[in-house]
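The sequence and the model are shown first.

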Amino acid sequence: MVTSYRFNVPRLVIAAPSSGSGKTTVATGLMAAFSERGLAVSPHKAGPDYIDPGYHALATGRPGRNLDAFMCGPELVAPLFAHGAAGCDLAVVEGVMGLYDGAAGRGELASTAQVAKLLRAPVVLVVDASSQSRSVAALVHGFASFDPQVRLGGVILNKVGSDRHEVMLREALEEAGMPVLGVLRRAPQVAAPSRHLGLVPVAERRADALAAVAALADQVRAGCDLDALMALARTAPALACEPWSAEGADSAPPGGSPGRSLGEFEARGLGRSPGPRPVVAVAGGAAFTFSYAEHAELLTAAGADVVTFDPLRDEALPEGTTGLVIGGGFPEVYAPELSANEPLRAAVAAFAAAGGPVAAECAGLLYLARSLDGKPMCGVLDADARMSERLTLGYREAVAVSDSALAPAGTRLRGHEFHRTVIEPGAGATAAWGFTHPERRVEGFVQQGVHASYLHTHWAAAPSVAGRFAQAAAAHR
């Protein structure tokens, strides 16, 4: 008989009517302010975004974790949340876009509202009040009543212009019966700089980012009722779910496709390779900041030693490297510096030429190309990359075109594209993925042990990816 696991931690979802309302400001400030009170705060981000969780991690001292119902499936949202929030006093989830915005054409899927319902968490709506007064009540009423299963527990008013403005806003919301849990004035001095893909990552401005997070904590502490927010968080009921764990993750391939179970893995758990642990080198530093914490946890559970290196500074791969992961980031910003590190480019090229397993996503794809904006890169792929005026953004459904170090042919995964670059050609003689939605095309490169693609994936949805890669690294040893 299976006993239902009851997981209970106070929690809040920070949402907004639209992007640009101040969710990141409020969520990060709340995380930092509650952490300064001595609470263990678990930071989370709805959706696929990599950058905001970096600021969350600065605010809390814990890894920022994503909750993406499209890439991982709704059934994994609560277990992944419970995994990150285990042992914490409070969890704060920053939403994505507007409260009810999700995957295009898929209803509520991957929306902040869906995540809030899956977590049974109260929602705090951050409203940009800079250009309205009494109308704020109509706006909030609409969001509160649109879906009765979403529990809107209060409002934080952002960009309030004056004392008089605040009085008008409060009167309107009092009339609507909606609690005001905070009021923040305009404070450009704590705004984080942005560029072509959003905020500048923490790794590129750590000292300034620390100062910005401290300023956000001051602003939120002064303008928000932390006691009322904590009381609201405590109204969240227990979740009947078992926390996700890398060690206990199911090794079956995504989608449960028949005939695709990897025989070298156990029915439960990823299994471990015999002999010394393979060393998987993961690119980091300012140029490669995009990664999900669960990837390293899954590789470790699969028997690998995960070691980080910085392609901007390190002239050699970590000693004993038998597998190489190069995730997303901003190589286009650092193309001259990456190109100047010729010893490491040569080491990566030699590793790939020897058949070493390489998993490259987006920025990693560009780094493996022959050139990026005219600057020589590693030359592993017979392709050239450049910046583009066009933003490529959106969820994708994909199927593996061929066997690779990550997955057998036919494996289905959901992922996300987010870039302002193009690579020509867009696919090699053997492509990595065939996209089936929202458009049909092939993309990426598979050659020897290399799997390189623009597609970002979340391995918690497919633990067999980490297990297969760890075994490929062990075999290369």
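Are Tyr 100 and Phe 143 buried or exposed? Both Tyr 100 and Phe 143 are buried, where buried means under 20% relative accessible area, exposed over 50%, and partly exposed in between (1.4 Å probe, protein chains only).

## Basis of the report

The model is predicted: local features need pLDDT of at least 70, side-chain atom pairs count only at pLDDT 80 or more, and totals for chains, interfaces and linings use all residues. Residues are numbered from 1 along each chain as its sequence is written, and side-chain values use heavy atoms, with hydrogens and water left out.

## The parallel sheet

An open sheet is formed by 7 strands in the order β4-β3-β5-β2-β6-β7-β8, with parallel pairing. Strands and helices are DSSP runs numbered from the N terminus (strands E, at least two residues; helices H or I, at least four), and two strands pair if DSSP finds at least two bridges between them. Because β4 and β8 each have a single partner strand, they stand at the edges, and one side of each lacks a neighbour in the sheet. From one strand to the next, the twist averages 25 degrees, with axes taken as lines fitted to C-alpha atoms (for helices over the stretch in contact) and angles running from 0 to 180 degrees between N-to-C directions.

Strand β7 (residues 152-160) has 8 of its 9 residues buried, so it is largely enclosed by the rest of the structure. Strand β6 (residues 123-128) runs parallel to β7 and is joined to it by 6 bridges; Asp 128 has Asn 158 in β7 as its bridge partner. The chain passes from β6 through helix α5 (residues 135-146) to β7 in a right-handed β-α-β crossover. A crossover is right-handed if, with the strands pointing away from the viewer, the path from the first strand over the helix to the second runs clockwise. Strand β8 (residues 180-185) is also parallel to β7, with 4 bridges between them, and Leu 157 stands opposite Val 183 in β8. Here the chain crosses from β7 through helix α6 (residues 163-175) to β8, and this β-α-β crossover is right-handed.

## Salt bridges

The whole structure contains 24 salt bridges, each being a side-chain nitrogen of Lys or Arg within 4 Å of a carboxyl oxygen of Asp or Glu. One of them joins the side chains of Lys 45 and Glu 94 at 3.2 Å, N to O. This pair connects distant parts of the chain, with Lys 45 in strand β3 (residues 41-46) and Glu 94 in strand β5 (residues 90-94), 49 residues apart. Lys 45 and Glu 94 are buried.

Glu 294 and Arg 65 form another salt bridge, at 3.1 Å, N to O. Glu 294 belongs to helix α9 (residues 293-301) and Arg 65 to strand β4 (residues 65-67), 229 residues apart. Glu 294 is buried at a relative accessible area of 1%, and Arg 65 is buried at 9%.

A further salt bridge links Glu 397 and Arg 414 at 3.2 Å, N to O. The two residues lie 17 residues apart, Glu 397 in strand β18 (residues 384-400) and Arg 414 in strand β19 (residues 412-424). Glu 397 is buried, with a relative accessible area of 18%, whereas Arg 414 counts as partly exposed at 28%.

## Aromatic rings

There are 8 aromatic pairs. Rings of Phe, Tyr and Trp (its six-membered ring) pair if their centres lie within 6.5 Å; planes under 30 degrees apart count as stacked, over 60 as edge-to-face and the rest as tilted. Phe 70 and Tyr 395 are stacked, because their ring centres are 4.3 Å apart and their planes are at 25 degrees. Phe 70 lies in the loop between β4 and α3 (74-85) and Tyr 395 in strand β18, 325 residues apart. Phe 70 is buried at 3% relative accessibility, as is Tyr 395 at 17%. Arg 414 lies over the face of Phe 70, at 4.4 Å from the ring centre; such a placement requires NZ of Lys or CZ of Arg within 6 Å of the ring centre and within 35 degrees of the ring normal.

The rings of Tyr 100 and Phe 143 are also stacked, with centres 5.9 Å apart and planes at 25 degrees. Tyr 100 is in the loop between β5 and α4 (112-119), and Phe 143 is in helix α5, 43 residues apart.
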